[in-house]
Amino acid sequence: MKSVQHILCSVLFFAAYLVYAQDISLYQQFNGRYDYTAIGNTLNTIENGSGGSCSILTSSSSSLNLNSNQNIVAAYLYWAGSGDGDLDISLNGITVAAERNFSDALDATRVFFAAFADVTDIITSQGNTTYTISDFDLTTTIIPYCDSGTNFGGWAITIIYEDTSLPLNQLNVYDGLQSVPTFLSINLDNLNVLDNEDAKIGFIAWEGDRNLAVNEQLTINGNVISNFPLNPANNAFNGTNSFTNATNLYNMDIDVYSIQNNINIGDTSATITLTSGKDFVMINNIITVLNSQLPDATISIDDNIVNCGDNSIELFYTVYNNNSTDILTANTPIAFYLNGLLIGQSQTANDIAIDASESSSISVMVPNDIDPSLTVVAVVDDDGNMMGTVTETNEDNNVTFENIELLIIPDITFLPNLVGCNEGFEISRYNFFDAIESLDYNEEDIAFYNSIEDLETESNSILIPSDYTNTSIPETIYLRVASPPCYEIFQFNLTIENCPPSIPEGFSPNEDSYNDWFNIQGLYNIFTEHQLQVYNRYGDMVFEGNNDKPWRGKVNRGLNNHGNIVPIGTYYYILNLNDPNYKPMVGWVYVNY
């Protein structure tokens, strides 16, 4: 029976192993006239496991020699070794810190690391020269690894360059850290094979041994690949560099293989398998170079315009053809969706060249019952049925979205009626500002209208709202108050009432056309059923009149003097308005000639 300690160690190692090893996946893609090369060197002085001294260098060098027409666009440094890692090293005296790091393990005591840094600026600046990695110190770290032949350290730089004489290629950079023995399968996706001529695949691998070739085989899509004599079919990882033909990269490999006959036109993925009966090999980096002449349509929504109370949205967008190897043809379809509902369609107007773009706009209408906080999705290369019509280098980057807030007009706010005094025939004059005394507003932000249609179109506003004569009773007035970024609507009605008449204190019926009669303002043609009685100082009625018979100072009641002007003096009157809202009005009026 196994001991508890042995079982516990096994469980701990298994848990640790799950943490170690990161799957190889796409890191970066280049589309254009690109290819790559790689340089690097080992820190091992001899192949591990050969019985030599347990020692390792802290620096090593390799030279870069690009042609004058090969222009660097990216350079990635990978370094690896035994132990948990030295993550700060130097490249030509410049400190380089790991931006990403990877781990793997054979067991609980034999762990390994790999690290990555983008060194494009350094390589671009220094160009063709000798590159030296230093301050990479695993001197004491490797000691426990030497007995099992797993002590190693090394580095490699992959340099992606552009060359106008090259065909249009798709270059994919994959990385991670996965290992054998005994069997390893890696799936490479994001491929787009239009032409397999001169197709190739390259690897950066660590800890391979020239002398441990037991059932060692590298295949792509089930086909064995080799590069004899550097990389024979039964010993793929054996300390070589295919670019420089070096054979002394102890326990590391920088290899490249032709896969022209091992990948098919139309493929979008490839499966790499590595078998090894004994040799421990870690794959850190894979690069594929495939001839590919395809566009890559992407889209952005750059801006939008929404209008107050309007469900239409004007969208401004740009279609790009970046990271591509061919033009994006005119009439590439574009679809716009809201909650999965197609709300608009457009298309590109012109052919879009590589790394070029085209901007345009479209007006879309959203449903009336939609939430005002909405998200519009734009998809380029979409025929409106969520189907593409263009084959692209990347089929997964056609979508963008924009969060938009519709400008909703609040419900109409009803204000109290504005009451005017009847000036006769149900006509009155109104000051609209009296109706909005309770509101907080700037006068330049408001306008009054006779109809809601005029308000919405901002036409035919009432020009003098402080002195308005009604045209009907009741009459509805609409107020528009501008507010950022929309407006509010208020409504009030004009109504009318018979206001108390204004009675003069005297008049002079001398026919001089001035103040010749008892002119009671606000009485005639308003209180049409009124009755007026006038008495002298003795209490005798001298006049009785109504709406059709105003008093002009003459006597029409009593036994004598009918039709004569009353004598100068003070007369008592009773004015019965015959209105339920008013009591009879009484008082004195002075008559003078």
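Visitor: Glad to be here! Is the link of Cys308 and Cys486 right-handed or left-handed?
Guide: Welcome! The angle about the S-S bond of Cys308 and Cys486 is 65°. This comes from a predicted model. With that angle, the link counts as right-handed.

Visitor: How many residues apart in sequence are the parts that Cys308 and Cys486 tie together?
Guide: Cys308 sits in the loop between strand S17 (298-306) and strand S18 (312-320), while Cys486 belongs to strand S30 (residues 486-497). The pair therefore ties together parts of the chain whose separation in sequence is 178 residues.

Visitor: And how far apart are the sulfur atoms of Cys308 and Cys486?
Guide: Buried means under 20% relative accessible area. Cys486 is buried because its relative accessible area is 12%, whereas Cys308, at 21%, counts as partly exposed. The two form a disulfide, and the distance between their sulfur atoms is 1.3 Å.

Visitor: How many disulfides does a search of the whole structure find?
Guide: A disulfide is a covalent bond between the sulfur atoms of two cysteines. If the bonded cysteines are numbered in sequence order, the pairing reads 1-2, 3-5, 4-6. The search of the whole structure gives a total of three.

Visitor: Cys54 and Cys146 form a disulfide; how many residues apart are they?
Guide: Their sulfur atoms are 1.8 Å apart, and the link is right-handed, with 70° about the S-S bond. Cys54 is in the loop between S2 and strand S3 (60-63), and Cys146 is in the loop between strand S9 (130-134) and S10. The pair links distant parts of the chain, with a separation of 92 residues.

Visitor: What is the angle about the S-S bond of Cys421 and Cys499?
Guide: A disulfide joins Cys421 to Cys499, with 1.8 Å from S to S. Cys421 counts as partly exposed because its relative accessibility is 38%, and Cys499 counts as buried at 13%. Their link is left-handed, with an angle of -85°.

Visitor: Now the largest pocket: which strand gives the largest share of its lining?
Guide: About 370 Å³ of space lies in that pocket. Of its 20 lining residues, the closest to the centre are Asn536, Val542, Asn561, Pro567 and Tyr571. Strand S33 (541-546) and strand S34 (569-576) each supply at least two residues of the lining. The largest share, three residues, comes from S34.

Methods: Residues numbered from 1 in each chain as written. Predicted model: local features only at pLDDT ≥ 70, side-chain atom pairs only at ≥ 80, totals over all residues. Heavy atoms only, no water. 1 Å grid on protein atoms, 1.4 Å probe; cavity = no way out; pocket = protein on both sides within 12 Å on 5 of 7 lines; lining within 4 Å. Points joined across faces, edges and corners; volume = space filled by probe spheres on them. Helix = DSSP H or I, 4+ residues; strand = E, 2+ residues; numbered from the N terminus. Disulfide = S-S within 2.5 Å. Buried < 20%, exposed > 50% of the residue type's maximum accessible area, 1.4 Å probe, protein only.
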